[in-house]
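This report describes selected features of one protein model. Please consult the sequence and the structure shown below while reading.

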Amino acid sequence: MARALIFPGQGSQSVGMGKALAEAHPAARDVFAEVDAALAQDLSKIMFEGPAEDLTLTANAQPALMAASLAVLRVLEAERGLDLARDVACVAGHSLGEYSALAAAGTVSVADAARLLRIRGEAMQRAVAPGEGAMAALIGADLEAAREIAAEAAEDAICDVANDNGAGQVVLSGNRAAVERAVAIAQGRGIKRAVLLNVSAPFHCSLMAPAADAMREALAAVRIAAPIIPVYANVRAAPVTDPEAIRAALVAQVTGTVRWRECVAAMAESGVDTFYELGAGKVLTGLVRRIAPGAAASPVGTPDDVASFPTL
């Protein structure tokens with residue numbers, strides 16, 4: 001069995017995430033306390049109790065999801081004997097989840113990951129004025145069809161492929177008018193479904209260039225070590241191990257496409273046959289099952305999930 005750990009991105013957050021784990025396991029409480037201290041904020045209280053509108057804020061959701069994921073990892077290490085270097089072939093995360101993966105692999109500390117994600121969330125929110133950007137999901141579209149629709153819709157504006165999530169789900173991002181044109185074009189092309197998403201900013205498109213500049217500066221000030229196991233980068237759909245390459249990939253990720261379908265396919269091709277999604281929700285578990293149907297995939301986020309995790 002070759003295992004991969006995968007880490008969710010924005011949209012998987014929900015009020016109450018991590019609370020039961022923290023109540024049951026000191027190792028989880030330690031992670032939440034570390035993140036709270038790093039941000040000088042009682043973020044765990046927002047995670048556990050809400051309100052939902054505060055948790056959903058990009059600047060809160062991003063470090064909160066990382067904290068939930070790393071709390072699960074630390075509990076698995078403490079309670080189930082998980083040893084990343086011995087038991088796991090590789091890690092990967094979707095968008096902000098890449099920071100969770102890097103923290104898991106020892107590339108950055110949990111505290112630094114929290115601070116970087118706070119900067120990332122705030123910078124992404126500032127990059128585009130409210131209402132000027134949009135994102136849309138094309139359901140039943142492959143990457144080539146989505147690229148053609150985006151190119152046609154762009155005209156004199158921005159419409160980029162933000163996420164290639166796999167399972168016929170591609171997300172576009174850019175100027176609102178261009179993305180709305182893309183939805184209309186897709187509906188006339190026989191795409192199963194094309195819908196605008198309820199998001200606060202147009203992530204992973206060239207409009208995010210100011211946020212990429214902010215992350216370049218922030219990442220330059222943080223120590224990045226070589227990971228103890230391979231980390232698959234969103235923008236490369238391949239493992240990165242060199243610290244400078246990791247820095248570059250994280251900067252490129254702000255404006256680049258999240259190539260999740262290719263990441264999962266590459267991990268499966270390398271021999272991974274079991275995926276565990278650590279943290280909140282099970283979005284990635286569903287995608288993995290459709291991208292790599294021969295592989296097993298399971299979410300691990302609750303005390304019951306931890307209890308059923310195989311002892312290693």
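## The sheet and its pairing

Tyr-276 has Ser-298 of strand E10 as its bridge partner. The model discussed here is a predicted one. Strand E9, which spans residues 274–278, runs parallel to E10, and five bridges join the two.

These strands belong to an open sheet of six, arranged in the order E8-E7-E2-E1-E9-E10 with mixed pairing. Strand E8 (238–240) and strand E10 (296–300) lie at the edges; each has a single partner strand, so one side of each lacks a neighbour in the sheet. On average, neighbouring strands are turned by 35 degrees against each other, direction ignored. Helix H14 (residues 283–291) packs on this sheet, where it touches strand E1 (3–7), E9 and E10. The direction of H14 makes about 180 degrees with that of E10.

## Two crossing helices

Helix H2 (residues 26–39) and helix H5 (residues 58–80) have axes that come within 7 Å and cross at roughly 145 degrees. The crossing of H2 with H5 is right-handed. On the H2 side, the contact is made by Ala-27, Ala-28, Val-31, Phe-32, Val-35 and Leu-39. Among the contributors from H5 are Pro-63, Met-66, Leu-70 and Arg-74. The residues of this contact comprise 14 nonpolar, no polar and one charged.

## A buried glutamine

Is Gln-253 buried or exposed? Gln-253 counts as buried because its relative accessibility is 0%, and buried means under 20%. Gln-253 is part of helix H12 (residues 243–255). Leaving aside residues up to four places away in sequence, Gln-253 touches Ser-95, Glu-98, Tyr-99, Arg-120, His-204, Asn-234 and Val-235.

Key: Residues are numbered from 1 along each chain as its sequence is written. This is a predicted model: local features need pLDDT of at least 70, side-chain atom pairs count only at pLDDT 80 or more; totals for chains, interfaces and linings use all residues. Side-chain values use heavy atoms; hydrogens and water are left out. Helices (H or I, at least four residues) and strands (E, at least two) are DSSP runs, numbered from the N terminus. Buried means under 20% relative accessible area, exposed over 50%, partly exposed in between (1.4 Å probe, protein chains only). Contact means heavy atoms within 4.5 Å. Axes are lines fitted to C-alpha atoms, for helices over the stretch in contact, and angles run from 0 to 180 degrees between N-to-C directions. A crossing is left-handed if the near helix is turned anticlockwise from the far one by less than a right angle, and right-handed if clockwise. Ala, Val, Leu, Ile, Met, Phe, Trp, Tyr, Cys and Pro count as nonpolar, Asp, Glu, Lys and Arg as charged, and the others, Gly among them, as polar. Two strands pair if DSSP finds at least two bridges between them.
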